[in-house]
Amino acid sequence: MVSRHVAQATAVLAANFLASIAVISLNKRVFRDFPFPAALTAIHYFVSWAGIEALHAAGRFTKAPVPGGHRRLFWWLILCWSACNALSNASLEQNSVGFYQLAKLLVTPSLVVFDYVAYRRRTTQLQAVALVLSCLGVGLASVSDVQLHARGAIVACAAVATAAAQKVLNSHVQQIGGLSSLQVMHHAFPAMSLLSIAYI
């Protein structure tokens with residue numbers, strides 16, 4: 001039974017890893033003919049919004065309200081989420097894939113620090129080892145394609161900061177607010193889609 005769960009978890013992680021590489025590669029290629037990262041982000045959000053609505057219509061999840069005491073936190077989540085994806089696409093457009101990947105590595109330690117400062121949550125030793133190994137793997141795979149530009153580095157740092165905040169806030173809204181990831185996205189994507197138009 002345990003080995004089956006391990007196999008499923010491994011398959012999901014491998015699929016996620018391959019999907020991430022595919023999305024990054026496709027986005028980088030798109031930027032050659034469509035050099036508008038904010039517009040691409042808006043398109044992604046509107047497509048994602050449509051996908052979430054289709055999942056809801058198919059009965060894959062039920063609606064659930066954002067708890068009243070967490071609405072302000074939820075709006076911070078929306079702002080960070082929409083900003084981090086727009087900045088991440090801008091970072092990918094302005095930097096090499098290698099530097100983009102190395103900058104994304106900074107999200108992990110930033111997330112740990114943000115989570116501790118905001119909520120006093122500590123990382124377990126097992127989580128720390130897994131995070132270090134993950135960072136080392138991506139770092140070694142990316143180090144051969146690194147080109148640094150001042151403007152790109154600034155955008156990458158802003159993307160890292162907002163991404164770390166988004167991940168911590170998202171986790172907090174789900175755990176404390178009792179919402180699933182699909183329920184959070186169902187609430188967030190309409191506002192994020194409309195907000196993303198402001199970045200164009």
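**Figure 1. Contacts of glutamine 166 in the predicted model.** Not counting residues up to four places away in sequence, glutamine 166 touches Leu77, Cys80, Trp81 and Cys84. The model shown here and in the other views is predicted. Glutamine 166 belongs to helix H7. Its relative accessible area is 7%, so glutamine 166 is classed as buried, the limit being under 20%. Two of its contacts, Cys80 and Cys84, are taken up in the next view.

Figure 2. A disulfide is a covalent bond between the sulfur atoms of two cysteines. To be counted here, two cysteine sulfur atoms must lie within 2.5 Å. By this rule the model has zero disulfides. For cysteine 80, the nearest cysteine sulfur is that of cysteine 84, 7.8 Å away, and cysteine 80 is in no disulfide. Cysteine 80 is buried, with a relative accessible area of 14%. Cysteine 84 is also buried, at 6% relative accessibility. Both cysteines are among the residues touched by glutamine 166.

Figure 3. Tryptophan 81 is located in helix H3, which covers residues 71–94. With a relative accessible area of 9%, tryptophan 81 is buried. Which residues does tryptophan 81 touch, not counting those up to four places away in sequence? They are Tyr45, Gln166, Asn170, Val184, Met185, Ala188 and Met192. Tyr45 is one of the buried residues of H2, and Gln166 is in helix H7. The C-alpha atoms of tryptophan 81 and asparagine 170 are 8.8 Å apart in space, while the two residues are 89 residues apart in sequence.

**Figure 4. Asparagine 170 in helix H7.** Asparagine 170 sits in helix H7, residues 150–177. Is asparagine 170 buried or exposed? It is buried, at a relative accessible area of 11%. Leaving aside neighbours within four places in sequence, asparagine 170 makes contact with Leu77, Trp81 and Val184. Serine 181 lies eleven residues from asparagine 170 in sequence, with a C-alpha to C-alpha distance of 8.3 Å. Serine 181 is in helix H8, residues 181–198. At 37% relative accessible area, serine 181 is partly exposed.

**Figure 5. Valine 173 and the end of helix H7.** Valine 173 is another residue of helix H7. It is buried, at 1% relative accessibility. Residues up to four places away in sequence aside, valine 173 touches Leu73, Phe74, Leu77, Gly178, Leu179 and Val184. Leucine 77 is 96 residues from valine 173 in sequence, and their C-alpha atoms are 8.5 Å apart. Glycine 178, one of the residues in contact with valine 173, follows H7 and has a positive phi near 70°. H7 has 28 residues, and the distance from its first C-alpha to its last is 40 Å, close to the 40 Å expected at 1.5 Å a residue.

**Figure 6. Packing of helix H3 against helix H4.** Helix H3 (residues 71–94) and helix H4 (residues 97–105) have axes 8 Å apart and pack at an angle of about 145°. The crossing of H3 past H4 is right-handed. H3 contributes Ser88, Ser91 and Leu92 to the contact, and H4 contributes Val97, Tyr100 and Lys104. By class, these residues are three nonpolar, two polar and one charged.

Figure 7. Which residues of H2 are buried? They are Pro37, Ala38, Ala39, Leu40, Thr41, Ala42, Tyr45 and Ile52. Glycine 59 follows H2, with a positive phi near 80°.

**Figure 8. The whole chain, for orientation.** The secondary structure consists of eight helices and zero strands. Of the 200 residues in the protein, 36% are buried. Among contacts between residues at least 6 apart in sequence, 87% join residues at least 24 apart.

Key. Residues are numbered from 1 along each chain as its sequence is written. This is a predicted model: local features need pLDDT of at least 70, side-chain atom pairs count only at pLDDT 80 or more; totals for chains, interfaces and linings use all residues. Side-chain values use heavy atoms; hydrogens and water are left out. Axes are lines fitted to C-alpha atoms, for helices over the stretch in contact, and angles run from 0 to 180 degrees between N-to-C directions. Helices (H or I, at least four residues) and strands (E, at least two) are DSSP runs, numbered from the N terminus. A crossing is left-handed if the near helix is turned anticlockwise from the far one by less than a right angle, and right-handed if clockwise. Contact means heavy atoms within 4.5 Å. Ala, Val, Leu, Ile, Met, Phe, Trp, Tyr, Cys and Pro count as nonpolar, Asp, Glu, Lys and Arg as charged, and the others, Gly among them, as polar. Buried means under 20% relative accessible area, exposed over 50%, partly exposed in between (1.4 Å probe, protein chains only). The expected span of a helix is 1.5 Å times one less than its number of residues.
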